[in-house]
Amino acid sequence: MMRIFMTPHQFTPIALAFLLLTPALHAQTEHKAGKSRHMDRRFDPSSAKSFDNPDRDKTQKPNEVLAALQLKSGFAVADIGAGTGYFSIRLAKHESAPKVFAVDIETSMLDHIRQRAEKEHLANVHPVHGGPTSPNLPEPVDRVLMVNTYHHIADRVSYFRDLRNSLKPDAQVAIIDWKKGGTGQGPRHEHRFTPEEITTELEKAGYQRVAQHDFLPNQEFLMFRPAGN
């Protein structure tokens with residue numbers, strides 16, 4: 001089920017403040033002065049299978065997520081919080097064959113993605129070393145996908161405001177993150193957000209929500225685009 005929001009103008013990974021984590025790996029977090037502070041993390045390549053366990057597909061629904069992005073030939077896509085490449089590799093294999101910027105702050109994860117792409121002969125995958133306040137994208141993109149990463153960003157309003165400089169005129173930003181009140185895997189309650197809370201922050205950063213998808217059982221899925229476009 002999808003709800004479309006039509007408003008005067010149409011708008012969730014790594015901050016990038018130590019974001020870029022997938023469901024299988026979460027840094028310890030604590031609140032201080034209203035912002036998230038994250039512990040350093042290191043990726044052990046031997047744990048890669050836990051990130052890309054096929055069982056994850058049952059709840060992550062990657063095919064449905066990619067369909068919702070409405071990818072077109074010639075697109076450039078940033079997977080912010082790429083982790084081991086769960087979505088980056090799938091994006092690269094999509095029939096539209098987009099240029100994929102796999103962004104993470106952990107260099108060992110980027111090495112892992114690079115090796116995966118080379119092994120599968122995916123020349124359209126480009127690992128990018130993101131920073132705590134910027135994904136450091138080398139060129140503007142048509143789509144941004146941020147999965148289980150939004151809650152790791154320290155200053156989200158500032159981060160997304162600056163991200164606008166890396167978006168093409170008709171770009172959209174997809175934020176997928178853990179539902180507030182959810183149980184089981186995922187971050188603590190204080191690091192979860194309602195759709196309204198995410199929308200409020202993105203509006204402050206200059207975005208407008210254009211859609212909300214409800215097919216993910218454990219995560220919110222919101223689509224935004226820069227206001228005024």
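**A helix pair and a serine**

Author: In this predicted model, helix α3 passes α4 in a right-handed crossing.

Reader: OK, and which residues of α3 and α4 make the contact?

Author: On the α3 side the contact is made by Pro-62, Val-65, Leu-66 and Leu-69, while α4 contributes Tyr-86, Phe-87, Arg-90 and Leu-91. Sorted by class, the contact of α3 with α4 has seven nonpolar residues, one charged residue and no polar residues.

Reader: At what angle do the two helices pack, and how far apart are their axes?

Author: Helix α3, residues 62-69, and helix α4, residues 86-93, pack at an angle of about 60°, and their axes are 11 Å apart. Because of that angle, α3 is oblique to α4.

Reader: Switching topic: how many residues of α4 are buried?

Author: Six of the eight residues of α4 are buried, so the helix is largely enclosed by the rest of the structure. The buried residues in α4 are Tyr-86, Phe-87, Ser-88, Ile-89, Leu-91 and Ala-92.

Reader: Let's take Ser-88 then; why does it count as buried?

Author: Ser-88, which lies in helix α4, has a relative accessibility of 0%, and it counts as buried because the cut-off for that class is under 20%.

Reader: And what does Ser-88 touch, leaving out residues up to four places away in sequence?

Author: With those sequence neighbours not counted, Ser-88 touches Asp-79, Ala-82, Val-100, Ala-102 and Val-125.

Notes: Residues numbered from 1 in each chain as written. Predicted model: local features only at pLDDT ≥ 70, side-chain atom pairs only at ≥ 80, totals over all residues. Heavy atoms only, no water. Axes fitted to C-alpha atoms, helices over the stretch in contact; angles between N-to-C directions. Helix = DSSP H or I, 4+ residues; strand = E, 2+ residues; numbered from the N terminus. Parallel < 35°, antiparallel > 145°, perpendicular 65-115°, else oblique. Left-handed = near helix turned anticlockwise from the far one by under 90°. Contact = heavy atoms within 4.5 Å. Nonpolar A, V, L, I, M, F, W, Y, C, P; charged D, E, K, R; others polar. Buried < 20%, exposed > 50% of the residue type's maximum accessible area, 1.4 Å probe, protein only.
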